[in-house]
Amino acid sequence: MQAMTCCLQIYLNKQRRSRMSNNESSSNSALSRAFKITEFIASETRPVTAVDIALFLNLPKASVHRILSQLEEEDIIARDLQGRFLSIGTRFKKMSLDVLSHFDGRAPRQMVLKELTDEIQETCNLSVLDGYELLYFERVEANWPVMVNLKLGSRLPLHCTASGKLFLALMPRNKRKQILSTLTLEPQTKHSITNIDDLNKELDEIGIRGISIDNEELIDGMVAIAVPVCDQDGNMIAGMAIHAPTLRLSVNDLLTKAGRLKLAAKKLEGLMTFQSQVAD
């Protein structure tokens, strides 16, 4: 969600500079309010209601409901089954992924991933939290005849992926509880954790270690480890992972590469902080 907020903020900053150059003041326009409402929904770590938006942004309730209806029609935002709580819609999620994939920061990200892949000779990837799923959005492959092929743009379950479990482990407890209450914990392999108590115990241990593992929990014959990529406030915005087939490496073999994975994640954090400052 923080990644979506960053994308929106970059766009908003460009819009502000354009408005200033034209000496226009449109802070109270419907478009400006729509952007502010979308940004608020994207940045919150708890469920949001129309009342929350009206209070926090000091907007008339009637205006908030009217704008929300328009945003919902365009699939920029979505409501839960009860129609009360709001979240980012599929269209805006796709826009965010397009920005992450194409704006100027992609080349430096790819360079960091390629350096790590060349060093450890295993495939490296980046993923972000997308609602109640993990979105796989960046990858550099190692040159091996036996590879595990996950397509970019794939949405994966949180409870049986290394980066997914890491997001759950590092998020606020109340948000973790809320997300887990909606997940069915369907087994992907015989190694998947499908008991809520066992999963919470695993997540607590991951929170202490700061590193997560997937020991054939998503795909039989594939293991992975992941570390967080954080923003300047220490919030996890992406998971950086390496994975390999068990024909070549065990999960313990991958853990010996954790130090180099963490160093690469730190490089990415520095790049993202710099890009955010440039955008401002």
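Helices (H or I, at least four residues) and strands (E, at least two) are DSSP runs, numbered from the N terminus. The model is predicted: local features need pLDDT of at least 70, side-chain atom pairs count only at pLDDT 80 or more, and totals for chains, interfaces and linings use all residues. Residues are numbered from 1 along each chain as its sequence is written, and side-chain values use heavy atoms, with hydrogens and water left out.

**Exercise 1.** Give the strand order of the open six-stranded sheet and identify its edges.

Solution. 
1. Two strands pair if DSSP finds at least two bridges between them.
2. The order is S5-S4-S3-S8-S7-S6, with antiparallel pairing.
3. Strand S5 (155–157) and strand S6 (212–215) pair on one side only, which makes them the edge strands.
4. On average, neighbouring strands are turned by 35° against each other, direction ignored (axes are lines fitted to C-alpha atoms, for helices over the stretch in contact; angles run from 0 to 180 degrees between N-to-C directions).
5. Between the antiparallel S3 and S8 there are five bridges.
6. Asn125 stands opposite Ala241 in S8.

**Exercise 2.** Which residues of the largest nonpolar core touch the most other members, and which elements each supply at least two residues?

Solution. 
1. A nonpolar core is a set of buried Ala, Val, Leu, Ile, Met, Phe, Trp, Tyr and Cys residues joined through side-chain atoms within 4.5 Å.
2. Buried means under 20% relative accessible area, exposed over 50%, partly exposed in between (1.4 Å probe, protein chains only).
3. The largest core has 29 residues, and those touching the most other members are Leu116, Ile225, Val229, Met240 and Ile242.
4. The elements that each supply at least two residues are helix H6 (106–120), strand S3 (123–130), strand S4 (133–140), strand S7 (222–230), strand S8 (236–245), helix H10 (251–255) and helix H11 (258–279).
5. A second, separate core of 25 residues includes Cys160, Phe167, Leu203 and Ala224.

**Exercise 3.** Is Asp75 buried, partly exposed or exposed?

Solution. With a relative accessible area of 31%, Asp75 is partly exposed.
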